[in-house]
Amino acid sequence: MTIPTEPIGSIPRPAYLIEGLGEHAAGRLDADGLGELQEKALVDTIKRLEETGSPVITDGEQGKPSFATYPLAGLTSLAPDGVVIPFADGHTRQLPRLTAGPFKYQTYADSYLREAKKHATKPVKQAVIAASAIGLVYPGEELSGYSKEQFIADLVNEAEADIRRSLDAGADSVQIDFTEGRLSLKLDPSGGLLQSFVDLNNAVLDRFSEEERKKIGVHTCPGGDQDSVHSLDVDYAGLLPALFQLKAGNFYVQLASEADPAHALKTIAAHSRPDQRIFVGVTDPIDPRVETAEQVRDRVLQAAEYIPAERLGTCDDCGFSPFADDTSTSRDIAFAKIAARVEGTHLAAESL
């Protein structure tokens, strides 16, 4: 048998690209110069991902400013003082705040996919940000002349277009990053905010046929930035029943860094549907230790005790550098962990 295995998304950017991003922001490097550095990093990333043996690859998000804010890059109707996301080590990330409508994505993810496919010899998946995450840019007080209802209608249209353009461009699959799901239970333990996120994302997924949704997945994790998390202390039992209400065919679930993976696996078994494939996280991007293939194998075999093998896949817990400036994990470690995931998944498939 074969167990599918896929990366989640980002790979740490090389030092020359991070330096170039800083030079571009300071006005000392033009867009063409930055583009050359991004293409150089993209070519190297794809080459090294393919060398790991991964049957499906990504572009490593070498061209994205972050996994969450790429649609907003260049949008002028933004202020910097939006929602603050606190991490366990004390650092924060802050989203921008929308100041006027109408709302429209400035960049769609298929632009990254098309560049990656120029250099890839293996299928390429594309990550997109969830509508629920972008929805956080609308301020608490209603904008004059642009209601929350109008914004949501525009957002659903844009989020649909982001996914559909990637499917039309030949993505092997499209992965919706939904890291705010678990965080929402920290902000609102009642689950009301989480349910509103699920409903919004389903409003987007309802635009796709059942056949199309087989190629659409949802990724959940407790965040991963500068070797820290924002919601690992939130019990998965609060998230997973709502997560599997999402009308997607694939789910990428962080598990390697979970203190009690069996607890999460029992919840997955109880609430996931037979038509949903579960990709379990078997490598931890914020742990500097590189997993052995045998450790990965054992994690897969544990998951197979709860999830039928024909519905099982593997992935990394999270991207290795969701924000472009995150250098807490080296490129070499990221590729070594991916290679261990691929080999360990193969060992598990042989055992099963």
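Lys40 lies over the face of Tyr16, 4.3 Å from the ring centre. Lys125 is placed likewise over the face of Tyr252, at 3.8 Å from the ring centre. A charge is taken to sit over a ring if NZ of Lys or CZ of Arg is within 6 Å of the ring centre and within 35 degrees of the ring normal. The model is predicted: local features need pLDDT of at least 70, side-chain atom pairs count only at pLDDT 80 or more, and totals for chains, interfaces and linings use all residues. Residues are numbered from 1 along each chain as its sequence is written, and side-chain values use heavy atoms, with hydrogens and water left out.

A search of the whole structure gives 10 aromatic pairs. Rings of Phe, Tyr and Trp (its six-membered ring) pair if their centres lie within 6.5 Å; planes under 30 degrees apart count as stacked, over 60 as edge-to-face and the rest as tilted. The pair of Tyr252 and Phe279 is stacked, because the ring centres are 4.6 Å apart and the planes are at 25°. This pair links distant parts of the chain. Tyr252 belongs to strand E9 (residues 250-253) and Phe279 to strand E10 (residues 277-283), 27 residues apart. Helices (H or I, at least four residues) and strands (E, at least two) are DSSP runs, numbered from the N terminus. Tyr252 and Phe279 are both buried. Buried means under 20% relative accessible area, exposed over 50%, and partly exposed in between (1.4 Å probe, protein chains only). Ring pairs also join Phe103, Tyr105, Tyr108, Tyr138, Tyr146 and Phe151 into a cluster.

The largest nonpolar core has 82 residues. Such a core is a set of buried Ala, Val, Leu, Ile, Met, Phe, Trp, Tyr and Cys residues joined through side-chain atoms within 4.5 Å. Leu98, Phe103, Ile163, Leu243, Phe251 and Val280 have the most contacts inside it. Val280 touches Val253, Leu255, Leu265, Ala303, Ile307, Leu312, Gly313, Thr314 and Cys315, leaving aside neighbours within four places in sequence. Contact means heavy atoms within 4.5 Å.

Helix H11 (residues 293-304) has 12 residues. At 1.5 Å a residue H11 should span 16 Å, and its end C-alpha atoms are 16 Å apart, which agrees. The expected span is 1.5 Å times one less than the number of residues. Ala293, Val296, Val300 and Ala303 of H11 are buried. They cover an arc of only 85° around the axis, so they lie on the same side of H11. The arc is that of the directions from the helix axis to the C-beta atoms. The buried residues of H11 pack against helix H10 (261-271), E10, strand E11 (312-316) and helix H12 (331-351).

Several loop residues were also examined. Phe87 is in the loop between strand E3 (84-86) and strand E4 (92-94). Phe87 counts as buried, at 8% relative accessibility. The C-alpha atoms of Phe87 and His230 are separated by 4.3 Å, although these residues are 143 residues apart along the chain. Not counting residues up to four places away in sequence, Phe87 touches Thr92, Arg93, Gly224, Asp225, Ser228, Val229 and His230.

Gly101 and Pro102 are joined by a cis peptide bond, with omega about 0°. Pro102 is in the loop between strand E5 (97-98) and helix H3 (110-117). Glu61, a residue other than glycine, has a positive phi near 55°. Glu61 is in the loop between helix H2 (31-51) and strand E2 (78-79), and is buried at a relative accessible area of 3%. Asp227 has a positive phi near 60°. Asp227 lies in the loop between strand E8 (216-220) and helix H9 (236-243), and counts as partly exposed at 36% relative accessibility.
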